[in-house]
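I wanted a notebook page on this chain, from its overall layout down to single residues. Here is what I looked up, in order.

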Amino acid sequence: WVQDTFGSPVEMFVSFDTAKHKKLTSDEFVAACKKHGCTLSAEELAEMFGFCDCADAGYIIQEDVIPLHVDPRDRAREIFKAKAGQLRYWKQLAALDYISATKMQAPSSMSSAKPVRSRLLPRPWHARTFELMPLVACHI
């Protein structure tokens with residue numbers, strides 16, 4: 001049904017997301033499927049939504065519908081495009097953090113123990129990366 005009606009699961013998601021919130025709740029997903037002529041029952045559509053919502057967040061995003069691709073090559077291509085988009089987004093955030101950190105650098109920081117340009121210092125634009133690093137506990 002998805003291939004015949006939309007061409008791909010990603011196109012299905014785009015046409016379902018009429019509000020352009022880039023996420024769909026279960027109710028929105030079921031209603032949009034029914035609106036576009038899906039013959040599955042509400043329980044089966046809820047099960048399909050649960051398959052896509054593997055993180056149990058209560059909503060799905062465009063990357064969550066990629067596993068619905070029938071062709072493995074199409075699935076792999078869409079996964080690659082999604083990861084490349086995430087990498088591009090991360091690079092843009094890092095660049096913006098770098099620009100804001102260099103603009104806001106006060107002259108009083110020049111009197112610190114290590115020079116500002118020391119290669120051993122963590123950079124301010126890496127702060128988001130350090131916040132996202134997993135916590136590792138070591139037991140002795």
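**Entry 1: the layout.** I started by counting elements, and the chain has 6 helices and 2 strands. For the terms: helices (H or I, at least four residues) and strands (E, at least two) are DSSP runs, numbered from the N terminus. Read from the N terminus, the order is α-α-β-α-α-β-α-α.

I also noted what kind of model this is. It is a predicted model, where local features need pLDDT of at least 70 and side-chain atom pairs count only at pLDDT 80 or more, while totals for chains, interfaces and linings use all residues. Residues are numbered from 1 along each chain as its sequence is written, and side-chain values use heavy atoms, with hydrogens and water left out.

Entry 2: How much of the chain is buried? I found that buried residues make up 21% of the 140 residues. Buried means under 20% relative accessible area, exposed means over 50%, and partly exposed is in between (1.4 Å probe, protein chains only). The chain exposes about 10700 Å², and carbon and sulfur atoms supply 60% of that. Accessible areas come from the Shrake-Rupley method with a 1.4 Å probe, and for residues only the protein chains shown count as cover.

Next came contacts, meaning heavy atoms within 4.5 Å. Of the contacts with a separation of 6 or more, 41% are between residues 24 or more positions apart.

**Entry 3: the core.** I looked up the largest nonpolar core and got 17 residues, with Met12, Phe16, Phe29 and Ile60 having the most contacts inside it. Such a core is a set of buried Ala, Val, Leu, Ile, Met, Phe, Trp, Tyr and Cys residues joined through side-chain atoms within 4.5 Å. Helices α2 (9–16), α3 and α4 each supply at least two of its residues.

Which residues does Phe29 touch, leaving aside its neighbours within four places in sequence? I listed Met12, Phe16, Leu24, Leu45, Met48, Phe49 and Ile60.

**Entry 4: α3.** Phe29 turned up again here, as the buried residues of α3 are Phe29, Val30, Ala32 and Cys33. They sit on the same side of α3, because they cover an arc of only 165° around the axis. The arc is that of the directions from the helix axis to the C-beta atoms. On the face turned away from the buried side I found the exposed residues Asp27 and Lys35. The cover over the buried residues of α3 includes α2, β1, α4 and β2. Just after α3, Gly37 has a positive phi of about 90°.

**Entry 5: salt bridges.** I found 2 salt bridges in the structure. The term means a side-chain nitrogen of Lys or Arg within 4 Å of a carboxyl oxygen of Asp or Glu. Arg77 pairs with Asp74, with the closest N and O atoms 2.6 Å apart. Both lie in helix α5, 3 residues apart, which is about one turn of the helix. Glu78 and Lys81 make a salt bridge at 3.4 Å, N to O. These two are also 3 residues apart in α5, so about one helical turn separates them. Is Glu78 buried or exposed? Glu78 counts as buried because its relative accessibility is 13%, whereas Lys81 counts as partly exposed at 47%.

Entry 6: Most residues other than glycine have a negative phi, so I looked up exceptions. Lys22, in the loop between α2 and β1, has a positive phi of about 65° although it is not a glycine. Asp56, in the loop between α4 and β2, has a positive phi near 55°. Lys22 is exposed at 62% relative accessible area, and Asp56 counts as exposed at 67% relative accessibility.
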